[in-house]
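Reader: Hi! Could you walk me through this one? I'd like to talk about charges and the overall fold.

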Amino acid sequence: MPFQSIEDEVLASLQDYLESGRLAVMGKADPVFEALGAAFPVPINRIAFWDIPGHMKGGGDRGPDVQQAFAAFVRGIVQRDGLGGEIVAIGDNFVNVAIRGNIEDVLEAMPMIAAFPQHTYLCPFPNPSWCASLTFEGDFYFAYAPTEIRTVP
């Protein structure tokens, strides 16, 4: 059996979503990281959510259902704040592609998108007015961009 990278495994697990058009691979994650870096404080290798006024935090356990718990955390904020439209999901280690789709489709696919521990980010793109993150450690964060691109839902 040929070697399959973790990224290949994640994409293979998303095959039904990709073939149906519910999700799409939009290319490498680098442009999304650049947009996030312009909109959020990134002092080292991750967004400093704790420095953003009004950020929300949850999680704290890298248990077997962490991806579903993260999706529920984000879904609650999306429903409360009336967020909608397309978002991208990116990871900062094993998976270096941006996966685009409707918020609900991306959240439904979170168990596959974030199957391998890394920092996973969800945001609108190209204007990341908000960002949610599932950390390697199992923490959840959500914040609105503290810069001028911030739009009020």
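Reader: Nice, thanks. Is R22 buried, partly exposed or exposed?

Author: R22 counts as partly exposed, at 33% relative accessibility. Here buried means under 20% relative accessible area, exposed means over 50%, and partly exposed lies in between (1.4 Å probe, protein chains only). Before we go on: this is a predicted model, where local features need pLDDT of at least 70 and side-chain atom pairs count only at pLDDT 80 or more, while totals for chains, interfaces and linings use all residues. Residues are numbered from 1 along each chain as its sequence is written, and side-chain values use heavy atoms, with hydrogens and water left out.

Reader: Got it. Which residue forms a salt bridge with R22?

Author: D105 does, with the closest N and O atoms 2.8 Å apart. A salt bridge is a side-chain nitrogen of Lys or Arg within 4 Å of a carboxyl oxygen of Asp or Glu. D105 lies in helix α5 (residues 103-108) and R22 in the loop between α2 (15-20) and β1 (23-28), so the pair ties together parts that are 83 residues apart in sequence. Helices (H or I, at least four residues) and strands (E, at least two) are DSSP runs, numbered from the N terminus.

Reader: And D105, buried or exposed?

Author: D105 counts as buried, at 15% relative accessibility. R22 and D105 are also linked with E108 in a network of salt bridges.

Reader: How many salt bridges are there by that rule?

Author: The count comes to 6. Among them, E104 pairs with R75 at 2.9 Å, N to O. That pair links distant parts of the chain, E104 being in helix α5 and R75 in helix α4 (residues 66-81), 29 residues apart. E104 is partly exposed at 35%, and R75 is partly exposed at 24%.

Reader: Switching to the fold, how many helices and strands does the chain have?

Author: The protein chain has 6 helices and 7 strands. Its radius of gyration is 15 Å, close to the 15 Å that the globule rule gives for 153 residues, so the chain is as compact as a globular protein of that length. The radius is taken over C-alpha atoms, and the rule is 2.2 Å times the number of residues to the power 0.38.

Reader: Last one: what share of the residues is buried?

Author: Of the 153 residues, 46% count as buried.
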